[in-house]
Amino acid sequence: MVSENAAAVQPEPPEAPPASRDRLLGGLLSPDVSESSCLSRYASSLHRRASRHSPSPYLASRLRKYEALHRKCGPGTLFYKKSLMQLPSAHSMGLVECRYLVWAAPTSGHIGDRVLSIASAFLYALLTRRVLLLQLADDMAGLFCEPFPGATWELPAGGFLPEHVEGLRRGSDRSYGNFIRAAKKDRSDDDGDPAGVRAETLPSYAYVHLEHDYRQPEQLFFCDEDQTVLGKVNWLILRSNLYFAPGLFLVPQFEEELRWMLPESDTVFHHIGRYLFHPSNEVWELITRYYTSSMASFGETIGLQITTFAWNPVPFEEYFKQVTACTSQEKILPEVDTASAVLHEATAEAATSKAVLVSSEHPEYADKLKSMYHEHATVTGDTVSVLQPGGAGNHSHNQKAVVEMFLQSYCDVSVVSGWSTVGYVGHGLAGVKPWLLLAPRNKTAANPPCVQATSMEPCFHAPPSYDCRANKKGDLGAVLRHVRHCEDVDDGLKLFD
């Protein structure tokens, strides 16, 4: 939907994307997936400005090697069938050629949480040479294409593993936090080196709980010693609703590999997200239909993603006041002339036309913004068109959320509510540093209303509190130069370049 004042000045259509635009994103994507099977894979990036961040040649090389590993060890292969045979055993049969990380759908969390968690899981799989498989909940079916050429990343239904994954929760018998302390004490080396733990003494599979309610034993997942022991377990089952990638940078044995793969620390999700997540053809049709009809003609589009949380309620008028204070003070959107109710005449020579794409589960934000720019002229004479995706159509909540995340990623400027994982996905795919609306306090708008992030990375909302290097609780935002606290979540951790 476009506000009526959009007709005052017809925006000039943008220049067509250059024919030479690299659809493989600098080697990030493999060309070995047919275009018809996933239309968005090679087309989605053409709706964005070209990224300023190129993947490292080493990352591209590691991705090709991972794809070969996934084809060799993925579901339906002989190696996969052999690996499944060891799962009913009480103990591991020793290290085998193919090892696995199964991402299990979290017990709670928005689709944005899950996308960020899967991206983190894939980074961990790359670092540990594991094959990533997803046990998707029904509400995620059909949202995204398969990302790996010639192989599936979905865990097949039925059999030992899916049946046992369902019952795994924090504190389960197979929880890694329950057995790893004993395993590290029962070492064959007199010096207590965790490298001395024999794989045969470990279980055939272990459960890693990294949801927001995880506790001290599981938080040691980000310690070097625990990773050394976990490296000897062939099957890991992970349940997470967090973007835990920043925590992997705290593990000393991963540091060098991460430095080679991702020399720009603040591009982790930008690269991993664009590699993994390609809307399915059904969802892509919804995206392109809206983009073509409502967004493509504007020279500049501002993405406004507004999320409110039950644990931090704020009255609508109060938060709307904060949103408009941010967009006006930071010159993101022009102010309106409230002294006059008469629309100024805008000439094509003097005015420009901007679009603001509003995504929110509360349509009143877009409605009020639309009314504001319809009833009053802007002080600059510019016209502002308010776009509001969603609404019509018999589509699932998650389909609409994916559509909005990708439409937000096609915007030139991003303004998002702090803590919003949907917002993180949008600006992370776009590769832009967003303006973050700070959390209201005591039902009152924050002042200042927003800050511009100095990193486009998502925030790790619930990082561990234990400093493995110092062997005590500590401030993990002060351990490494490129892992610091988030602008929108005081205790959170975020990657900076």
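## Disulfides and their surroundings

C223 is buried, with a relative accessible area of 7%. The model is predicted, and a search of the whole structure finds five disulfides. Counted along the chain, the bonded cysteines pair as 1-4, 2-3, 5-9, 6-7, 8-10.

C223 is bonded to C468. The disulfide of C223 and C468 is left-handed, with a torsion of about -70° about the S-S bond. This pair links distant parts of the chain, 245 residues apart: C223 is in the loop between α7 (216–219) and α8 (224–230), and C468 is in the loop between β11 (466–467) and β12 (472–473).

| Disulfide | S to S distance |
|---|---|
| C73 and C98 | 1.9 Å |
| C223 and C468 | 1.9 Å |
| C459 and C486 | 2.0 Å |

The link of C73 and C98 is left-handed, with -60° about the S-S bond. C73 belongs to helix α2 (residues 57–73), while C98 is in the loop between α3 (78–84) and β1 (100–104), 25 residues apart. C73 is buried at 0% relative accessible area, and C98 is buried at 2%.

The disulfide of C459 and C486 is right-handed, its torsion being about 90°. C459 lies in the loop between β10 (450–452) and β11, and C486 in the loop between β13 (483–485) and β14 (493–495), so the pair ties together parts 27 residues apart in sequence. C459 counts as buried at 3% relative accessibility, and C486 counts as buried at 7%.

Notes
Residues are numbered from 1 along each chain as its sequence is written. This is a predicted model: local features need pLDDT of at least 70, side-chain atom pairs count only at pLDDT 80 or more; totals for chains, interfaces and linings use all residues. Side-chain values use heavy atoms; hydrogens and water are left out. A disulfide is a pair of cysteine sulfur atoms within 2.5 Å. Helices (H or I, at least four residues) and strands (E, at least two) are DSSP runs, numbered from the N terminus. Buried means under 20% relative accessible area, exposed over 50%, partly exposed in between (1.4 Å probe, protein chains only).
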